Amino acid sequence: MNANPGAANEAERVMQICNACRYCEGLCATFQAMTTRRNFIITDLEYLANLCHNCTACFHDCQFAPPHDFQINVPAILSDMRMQSYERHAWPEGLGRAFVSNGLWTTVVTTLSITLLLVLAFILINSNTFFGVHQGPGSFYEIIGHSLMITMAGSTFGFSLLAMAIGFKRFWRLQVDGKVNPTHLIAATKDSVTLRYLDGGHGEGCSSIDEQASNSRRFFHHCTMWGFLLCFASTCMATFYDYILGIQAPYPYVSLPVVLGTTGGLGLLVGPMGLIWNKIRSHPETTRHQSIDYAFMLSLFTVSLTGLLLLAFRETAAMGLLLVIHLGFVLGFFLMLPYSKFVHSFYRYIALVKFASEQPTDY
């Protein structure tokens with residue numbers, strides 16, 4: 001897909017002015033990378049945009065920010081360029097366009113439609129089994145057969161992985177293909193895991209609408225990131241239990257899959273809601289494309305909530321309904337994953353790899 005010339009031209013104008021001023025040079029990697037360039041082509045602009053953590057410190061520090069005639073708003077224009085990079089490198093292109101243009105409603109309609117169809121289908125197939133009480137190992141598969149569950153989840157997740165891999169490859173080849181070594185990968189991984197540049201450039205965190213700095217956004221990002229990773233680890237461990245140890249779900253409350261999943265699920269309740277709260281409190285002139293942000297946060301929250309509810313009521317007559325609802329939300333989440341804000345984690349990692357490759361050898 002071709003770049004949006006309007007957004008690219010505005011981003012180039014802003015970067016040229018910032019490059020001449022350099023007041024914000026010490027804030028973050030975005031401005032450090034900017035100073036090494038004289039001209040800004042679309043590849044450079046997408047690189048700088050994905051380096052940006054949208055802490056908004058540069059907006060509040062800028063002497064040329066609105067209402068100045070220069071109208072310099074780095075967080076907003078780089079947000080435009082990030083969205084463009086997600087859409088431009090997405091596969092298939094049409095789906096990427098749908099989520100970027102109206103991510104919240106696309107996600108809600110897709111997820112609820114899948115969930116409703118599944119609920120109706122299983123009620124019509126066997127309502128007595130669906131609303132019955134099932135206990136012990138293998139009880140989930142009395143509602144949804146093992147093969148059917150694996151086919152539905154595996155096919156949607158497989159499609160998601162393929163789509164994300166294609167987008168990752170496209171962005172990687174444009175930015176860093178053949179220019180990195182293990183040292184750069186290690187540096188980028190460290191910066192990603194610690195959320196190094198989410199401190200506002202001064203260690204005090206991101207700025208809110210009243211220009212008060214806080215590290216709460218960094219904390220909620222950590223809750224979301226580690227919550228997701230713990231849930232992923234729980235799924236991997238459950239797969240090991242099922243296929244290697246021959247133990248079928250649901251597992252005991254003190255088992256490793258349940259402990260990991262519960263801990264991660266709690267993180268995915270706290271983190272997304274905290275990030276939404278921070279976004280609501282951010283300066284309105286720096287906040288754009290909230291639809292796709294809210295869609296991803298709410299999707300994480302609802303998948304976690306339905307999973308925890310299933311855990312709490314799995315030995316009651318509500319188990320069948322909660323299992324199918326949770327599966328529907330998981331399938332919807334998988335389908336929207338390559339076109340959601342989730343891809344920013346991969347694109348930002350690539351940008352951090354490139355940034356590390358441009359630094360002195362002692363970086």
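Visitor: Which residues line the second largest pocket?

Guide: Rolling a probe the size of a water molecule over the atoms shows where empty space is left. Here a pocket is an open set of points on a 1 Å grid over the protein atoms alone, with a 1.4 Å probe and with protein on both sides within 12 Å along at least five of seven lines; lining residues have an atom within 4 Å of a point. The lining consists of Leu 104, Thr 107, Val 108, Thr 111, Leu 112, Ala 295, Leu 298, Ser 299, Thr 302 and Phe 329. This is a predicted model, in which local features need pLDDT of at least 70 and side-chain atom pairs count only at pLDDT 80 or more, while totals for chains, interfaces and linings use all residues. Residues are numbered from 1 along each chain as its sequence is written, and side-chain values use heavy atoms, with hydrogens and water left out.

Visitor: Which elements give two or more residues to the lining of the second largest pocket?

Guide: They are α6 (93–125) and α13 (290–312), helices here being DSSP runs (H or I, at least four residues) numbered from the N terminus. The largest share, five residues, belongs to α6. The space amounts to about 150 Å³, a volume being the space filled by probe spheres set on the points. Six lining residues are nonpolar, four are polar and none is charged; Ala, Val, Leu, Ile, Met, Phe, Trp, Tyr, Cys and Pro count as nonpolar, Asp, Glu, Lys and Arg as charged, and the others, Gly among them, as polar.

Visitor: At what angle do the axes of α10 and α15 cross?

Guide: Two packed helices are described by the angle between their axes and the distance between the axes. For α10 (residues 182–194) and α15 (residues 344–357), the axes come within 8 Å and cross at roughly 130°. That makes α10 oblique to α15 (under 35 degrees is roughly parallel, over 145 roughly antiparallel, 65 to 115 roughly perpendicular and the rest oblique). The crossing of these two helices is right-handed. Contact, meaning heavy atoms within 4.5 Å, involves residues including His 184, Leu 185 and Asp 191 of α10 and Tyr 349, Leu 352 and Val 353 of α15. By class, this contact has seven nonpolar, four polar and one charged residues.

Visitor: How do the axes of α3 and α15 cross?

Guide: The axes of α3 (residues 42–51) and α15 come within 8 Å and cross at roughly 105°, and α3 and α15 are therefore roughly perpendicular to each other. Among the contact residues are Thr 43, Asp 44 and Tyr 47 of α3, and Arg 348, Leu 352 and Lys 354 of α15. This contact has six nonpolar, two polar and three charged residues.

Visitor: At what angle do α3 and α9 pack?

Guide: The angle between α3 and α9 (residues 146–175) is about 115°, with their axes 10 Å apart. That makes α3 roughly perpendicular to α9, and the crossing is left-handed. Thr 43, Glu 46, Tyr 47 and Asn 50 of α3 make the contact with Phe 171, Leu 174 and Gln 175 of α9.

Visitor: Finally, which peptide bond is cis with omega near 15°?

Guide: The bond from Pro 66 to Pro 67; Pro 67 is in the loop between α4 (57–61) and α5 (74–88). The bond from Trp 91 to Pro 92 is also cis, with omega near -10°, and Pro 92 lies in the loop between α5 and α6.

Note on methods:
Axes fitted to C-alpha atoms, helices over the stretch in contact; angles between N-to-C directions. Left-handed = near helix turned anticlockwise from the far one by under 90°.
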